[in-house]
Amino acid sequence: MELLHLRYFVAVAQELNFSTAARKLHMAASPLSRRIKDLENELGHRLFDRDTHHVRLTPAGGALLPIARGVLDQVDSIQWRLDETARPRRTTVLLGIPGGIHPDLRERVDALAERVRDRFEIKRWPGASERLVEAVCDGRLALTLARLPVGGDPALEQLPVMSERLGAVVPGDRFADRESVALAELTDLAYAGSPAAATTAYFRGLDQQLSDRGIKKRIRLSSVTFDGVSEIVASGLAFSVSMLDPRSPMQNYRLENVTVLPFSDFQPRLETGLLWRKDRVDGGDLEEVAAAAREVFAEPLRL
């Protein structure tokens, strides 16, 4: 008995028609019929009842069918079982994700995860940029996206991945039908910075830049969310600064009387980088992941 005999038998048992089974096996019906007879002779049991109109499994054929399928399944799985055994075990890699990440950047992260999926499983871990960077430094996270700058720790390597243009978040009724706004038009409004949990070194520096350009009033928000910032802007008390691209998830926090306009005399940009510890890349456990990241982000996104 050969494996082909079992394949022929299963094909006929599934179709209960020799001609149909022969076509699926890419052979003629006559040699298929002979092979089945050879199998019946060797086993000493008739496997099919045949007449001019019907083909039916005999009790012996019905008993053989699950056995034959099991044998063929085992044989067919040999290759992938060997491949699976030879493949290195996947390592879980935690990647920090700060809030408000643009969907285009998420797509790049997905591309990175797909690039290394045979060896690594990348799982995302949310948090504020500065906390995520600390987690990379002490080894709790393998790598992280972070809003730049994040300090000059020589143990870290930064890969630029995205640059986003920022705009003024202003009361919609006051700036209706406007295509841009100048800083001089905002001096009577207070600047409402990011909520404390999301404040980064960049936005602290931005606060100073605005002060140097004549924006002196401040509303300090220590416990509200981005929704709270939008409420204050909608009431006409303040303005804020956020991502200008309409596809940014930060646009979801806009209320009805809030709009985002580009500055006509100020060009702030928010830079995002991918960071990891150098000692985990130069001959370390993240060398392959970092190499893939350099390819995926060879051209940083610019919006």
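**Note on the predicted model**

1. Val71 is partly exposed, at a relative accessible area of 33%. Partly exposed lies between buried (under 20%) and exposed (over 50%), with a 1.4 Å probe and protein chains only. Val71 sits in helix H4 (residues 59–76). Helices are DSSP runs of H or I, at least four residues; strands are runs of E, at least two.

2. This is a predicted model, where local features need pLDDT of at least 70, side-chain atom pairs count only at pLDDT 80 or more, and totals for chains, interfaces and linings use all residues. Residues are numbered from 1 along each chain as its sequence is written, and side-chain values use heavy atoms, without hydrogens and water.

3. Helix H8 (residues 201–212) has twelve residues and should span 16 Å at 1.5 Å a residue; its end C-alpha atoms are 17 Å apart, which agrees. The expected span is 1.5 Å times one less than the number of residues. Among the buried residues of H8 are Tyr202, Phe203 and Leu206. Just after H8, Gly214 takes a positive phi of about 100°.

4. The structure holds six aromatic pairs. Phe9 and Phe48 have ring centres 5.5 Å apart and planes at 50°, so this pair is tilted. Rings of Phe, Tyr and Trp (its six-membered ring) pair with centres within 6.5 Å; planes under 30 degrees apart are stacked, over 60 edge-to-face, the rest tilted. Phe9 lies in helix H1 (residues 3–15) and Phe48 in strand S1 (residues 48–50), so the pair ties together parts 39 residues apart in sequence. Both Phe9 and Phe48 are buried.
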